[in-house]
Every structure is written in C-alpha cells, then in structure tokens.
Amino acid sequence: MPMKKKSCTIDGVYYESMSAATKVLGMGVPGIKRRLRSSNFPGYVSKHYTKIKRKKPTAPKSCTINGVTYPSLTAAATQLKMKAATLSNRLRSFDYPDYICADLPKVEKPIKYNYVVNGKKYRAMQEIADLEGVTREWIRQKLNSPRHPGYQRLQKNSQQED
C-alpha cells in the first residue's frame with residue numbers, strides 16, 4: 001500500500017510531498033518534519049503537523065582558550081577536537097585557568113566525603129586503609145561492625161565501594 005503524500009509549504013513555496021521538498025532543499029525528511037513541527041520555523045507549514053513550542057536558540061558564547069578567541073563553543077570544540085561537554089566542563093573549572101568564557105562562570109567543585117573515622121573525614125576507603133596499613137576489606141568490616149562506632153559512612157554508596 002503506497003504511503004500518503006503529505007503536502008507542505010516552505011517559505012511560501014508549495015510542495016506536494018515532503019519527498020519533493022527534500023529534493024529541492026537538499027535536506028532529509030526527518031529534518032523537514034522537525035522544522036514543520038517546530039515553532040522556531042514559522043515559514044515551514046503543513047496541515048499534517050501541529051507546531052510544538054520550542055525554546056529560542058541562544059546566541060553563541062564566545063570563549064578564549066590558551067589566548068585564542070573562538071566565536072562559539074562549538075567552533076572551539078571542533079578546532080580543539082574535543083566534545084562540547086568536555087569543553088564546557090573545563091570552562092567552568094578552576095583546574096583550567098586558560099579556559100575563559102564570560103557566559104560560563106567558574107564554579108568551585110565541592111569535596112565529597114564518604115567516611116568518618118574518629119572524627120576525621122575521608123573520601124575513599126583506600127585512604128583510610130593506607131593510613132592504617134590494612135586492606136580495604138578490613139576497613140569495610142569495621143564500617144559495618146557495631147564494635148567500631150568511630151568508623152562511619154556519611155552516605156550509602158550503592159554503586160561501588162572504594
């Protein structure tokens with residue numbers, strides 16, 4: 001059974017089907033469907049698709065990395081051959097002082113302590129084990145034992161135990 005042709009009007013030009021529009025515009029059907037549904041493309045109209053309110057795209061954020069200014073985070077990530085998320089994390093981190101973006105302020109990362117032994121906080125069981133000269137297993141047993149009230153977990157770490 002042949003598929004029903006879904007007509008559309010794009011920037012004032014009528015197309016009898018999305019397939020016909022793809023040939024003229026040089027984009028794929030999924031891209032045209034997305035634009036027909038998006039409120040960000042008022043020139044893309046079809047009676048077959050209702051508009052969904054979308055956020056307006058934000059202006060690109062320029063950044064300076066190692067003295068080189070890039071017009072956007074995407075351009076910087078492409079030039080530096082790294083993921084945009086990695087670049088964004090570096091721009092927010094104090095560990096990378098040469099990564100600067102006025103729109104992304106540096107944020108202090110809090111230290112997460114998981115254990116308390118006799119009033120002193122530790123991040124990992126291995127830290128405690130190294131100080132006491134025992135294995136992590138020995139520390140784990142002390143943490144689980146009511147005989148050692150000075151050994152406490154601050155939060156339950158269900159995914160892994162150091």
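Ground rule for sheets: I call two strands paired if DSSP finds at least two bridges between them. Helices (H or I, at least four residues) and strands (E, at least two) are DSSP runs, numbered from the N terminus.

Housekeeping. This is a predicted model, where local features need pLDDT of at least 70 and side-chain atom pairs count only at pLDDT 80 or more, while totals for chains, interfaces and linings use all residues. Residues are numbered from 1 along each chain as its sequence is written, and side-chain values use heavy atoms, with hydrogens and water left out.

**Entry 1: the 2-1-3 sheet**

I looked up the order and found 2-1-3, an open sheet of three strands with antiparallel pairing. Strand 2 (13–15) and strand 3 are the edges, each pairing on one side only. Between strand 1 (residues 8–10) and strand 3 I get two bridges, and the two run antiparallel. Thr 9 stands opposite Val 45 of strand 3.

**Entry 2: His 48**

Where does His 48 sit? I find His 48 in the loop between strand 3 (44–45) and strand 4 (63–65). My cut-offs for accessibility: buried is under 20% relative accessible area, exposed is over 50%, and partly exposed is in between (1.4 Å probe, protein chains only). His 48 comes out at 28%, so I log it as partly exposed. For contacts I use heavy atoms within 4.5 Å. Leaving aside neighbours within four places in sequence, His 48 touches Lys 4, Lys 5, Lys 6 and Ser 7. I also checked His 48 against Cys 8: they are 40 residues apart in sequence, and their C-alpha atoms are 8.2 Å apart in space.

**Entry 3: helix 1 against helix 2**

Angle convention first: axes are lines fitted to C-alpha atoms, for helices over the stretch in contact, and angles run from 0 to 180 degrees between N-to-C directions. Helix 1 (residues 18–25) and helix 2 (residues 29–37) have axes that come within 9 Å and cross at roughly 105°. On the helix 1 side I list Met 18, Ala 21, Thr 22 and Leu 25, and on the helix 2 side Val 29, Ile 32, Lys 33 and Leu 36. By class this contact has six nonpolar, one polar and one charged residues. The classes: Ala, Val, Leu, Ile, Met, Phe, Trp, Tyr, Cys and Pro count as nonpolar, Asp, Glu, Lys and Arg as charged, and the others, Gly among them, as polar.

**Entry 4: cysteines**

How many disulfides does the structure hold? I get zero, taking a disulfide as a pair of cysteine sulfur atoms within 2.5 Å. Cys 63 is in none, and its nearest cysteine sulfur is that of Cys 101, 5.7 Å away. Cys 63 is buried at 1% relative accessible area. Cys 101 counts as buried too, at 7%.

**Entry 5: positive phi**

Most residues other than glycine have a negative phi, so I looked for exceptions. Lys 81 is not a glycine, yet its phi is positive at about 55°. Lys 81 is in the loop between helix 3 (73–80) and helix 4 (84–92), and exposed at 77%. Asn 118 goes on the list as well, with a positive phi of about 50°. I place Asn 118 in the loop between strand 7 and strand 8, and log it as exposed at 62%.

The order here is 8-7-9, an open sheet of three strands paired antiparallel. Strand 8 (120–122) and strand 9 (151–153) are the edges, each pairing on one side only. The twist averages 25° from one strand to the next. Strand 7 (residues 115–117) is joined to strand 9 by three bridges, and I note Arg 153 as the bridge partner of Tyr 115.

Helix 5 (residues 125–132) lies across strand 7, strand 8 and strand 9, at about 25° to strand 7. Helix 6 (residues 136–144) packs on the sheet too, touching strand 7 and strand 9, and makes about 85° with strand 9.
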